[in-house]
Amino acid sequence: MPYALELYRGPLNQSQRLLSLPRAELRRQTFQAVQNGDQQTLCDLMKAHLLAFGEAGGRISDHTLRSYTTSVRQFLTYAKRNAVNILRATPEQGLLWVRGMETVGKAAATVRVRMAGVRAFYRALRWATDIQTDPLQDVKAMRDPTPPWEKRLPYQVAEIDTLVNASPPKFRRLILLCAHAGLRISEALSVKADDVTEDALMVRNGKGGKARRVVLSRTLREALKAAPLCPEEAMTYQTARRTLKALCDLTAVPYRAWHSMRHYAGTRLSRETGSLECVARHLGHTNLATARIYAKWSDDALVQSVGNW
């Protein structure tokens with residue numbers, strides 16, 4: 001299921017169970033999980049707190065929950081290996097963990113996500129136990145010296161055309177949802193038939209739980225008609241990732257991951273319209289500054305000038 005809102009449906013799960021406990025019992029079980037090194041229960045505690053008190057609430061995406069869970073598990077493993085008492089972890093110990101990730105070459109964006117997950121975990125601990133520990137207090141990730149437009153470059157027009165032409169109808173539809181509609185892969189995988197009209201689709205649970213209306217390209221409209229959306233065809237992110245990698249290998253297109261298709265949509269729109277507002281509206285950015293990266297990628301003036309020297 002694509003969004004955490006679904007966690008509230010069906011049988012009682014761990015997050016719901018923790019939220020339903022009396023305060024004294026929640027505190028007892030949390031201390032017990034810490035003592036036993038029970039990573040699963042501690043991750044469930046973090047999820048429960050996010051679902052109940054996070055800004056996105058039940059609409060937090062599965063992708064965010066997976067990333068935060070990975071972050072917490074890595075921190076707990078680090079703490080056990082280095083004899084760090086997680087209930088009394090100091091900012092110095094938090095700093096060593098962060099600098100350790102940077103030393104082994106973790107990308108700045110990855111480090112920030114790991115820190116966000118652990119911060120969410122400690123908010124949950126403070127809620128459940130009233131401890132005031134915050135090992136990431138005043139700790140900041142090192143600034144990434146590489147500007148964002150130099151990383152994860154968008155696919156090129158010819159590359160998208162190659163991938164589309166080499167794909168069966170259902171996968172072609174998925175590629176175009178990302179490359180033309182500019183959807184994140186989690187959004188594209190959760191699109192349902194009743195989200196689509198003749199010339200647009202509704203993203204009902206975008207990043208942060210935001211909804212937006214997206215204009216459909218002619219090519220995408222044709223792909224949706226050729227391969228209508230069916231609930232039983234739901235694909236997981238892992239399957240989509242593996243399939244795209246295999247397709248790139250088959251067609252000799254450099255693999256740049258799904259998000260670079262969203263970058264392709266923004267870059268192409270910036271180049272063709274020259275309007276950051278159009279880019280922001282299409283991709284669902286609330287801040288025009290976020291869309292400026294697409295102007296960088298679409299600016300051919302430098303290439304054309306230096307290329308003619």
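**Overall picture**

I began by noting that this is a predicted model. I counted 15 helices and two strands in the protein. Along the principal axes, the C-alpha atoms fill a box of roughly 65 × 50 × 35 Å. I then checked burial: 42% of the 309 residues count as buried. For contacts with a separation of 6 or more, I found that 66% join residues 24 or more positions apart.

**Nonpolar cores**

Which residues have the most contacts inside the largest nonpolar core? I found 40 residues in this core, and those with the most contacts inside it are Leu45, Ile86, Trp97, Val98, Phe121 and Tyr122. I traced where the core comes from: helix 2 (23-36), helix 3 (39-53), helix 4 (62-81), helix 5 (91-103) and helix 6 (108-129) each supply at least two of its residues. Helix 6 gives the largest share, 10 residues.

I also found a second, separate core, this one of 32 residues, with Leu177, Ala179, Leu201 and Ala223 among them.

Trp97 touches Ser71, Gln74, Phe75, Tyr78, Arg114, Met115, Val118 and Leu136.

**Helix 8**

Next I turned to helix 8, residues 169-179, and found it mostly covered, with eight of its 11 residues buried. I wrote them down as Phe171, Arg173, Leu174, Ile175, Leu176, Leu177, Cys178 and Ala179. Two of these names, Leu177 and Ala179, were already in my entry on the second core.

What covers the buried residues of helix 8? My list includes helix 7 (157-165), helix 9 (185-189), strand 1 (200-203), helix 10 (218-226), helix 11 (237-251) and helix 12.

**Second largest pocket**

I looked up the second largest pocket and noted a volume of about 450 Å³. It is lined by 16 residues, and the closest to its centre are His180, Val215, Ala265, Leu269 and His282. Strand 2 (212-215), helix 12 (259-273) and helix 13 (276-283) each supply at least two residues of the lining. Helix 12 has the largest share of this lining, with five residues. By class, I logged eight nonpolar, four polar and four charged residues in the lining.

**Cysteines**

How many disulfides does the count come to? I got zero. I checked Cys230 in particular: its closest cysteine sulfur, in Cys178, is 18 Å away, so the two are too far apart for a bond. Cys230 is partly exposed, with a relative accessible area of 30%. Cys43, on the other hand, is buried, at 0% relative accessibility.

**Arg27**

My last stop was Arg27, which lies in helix 2.

Methods: Residues are numbered from 1 along each chain as its sequence is written. This is a predicted model: local features need pLDDT of at least 70, side-chain atom pairs count only at pLDDT 80 or more; totals for chains, interfaces and linings use all residues. Side-chain values use heavy atoms; hydrogens and water are left out. A nonpolar core is a set of buried Ala, Val, Leu, Ile, Met, Phe, Trp, Tyr and Cys residues joined through side-chain atoms within 4.5 Å. Buried means under 20% relative accessible area, exposed over 50%, partly exposed in between (1.4 Å probe, protein chains only). Helices (H or I, at least four residues) and strands (E, at least two) are DSSP runs, numbered from the N terminus. Contact means heavy atoms within 4.5 Å. A disulfide is a pair of cysteine sulfur atoms within 2.5 Å. On a 1 Å grid over the protein atoms alone, a cavity is a set of points where a 1.4 Å probe fits but cannot get out, and a pocket is an open set with protein on both sides within 12 Å along at least five of seven lines; lining residues have an atom within 4 Å of a point. Grid points are joined across faces, edges and corners, and a volume is the space filled by probe spheres set on the points. Ala, Val, Leu, Ile, Met, Phe, Trp, Tyr, Cys and Pro count as nonpolar, Asp, Glu, Lys and Arg as charged, and the others, Gly among them, as polar. Lists of a residue's contacts leave out its neighbours within four places in sequence.
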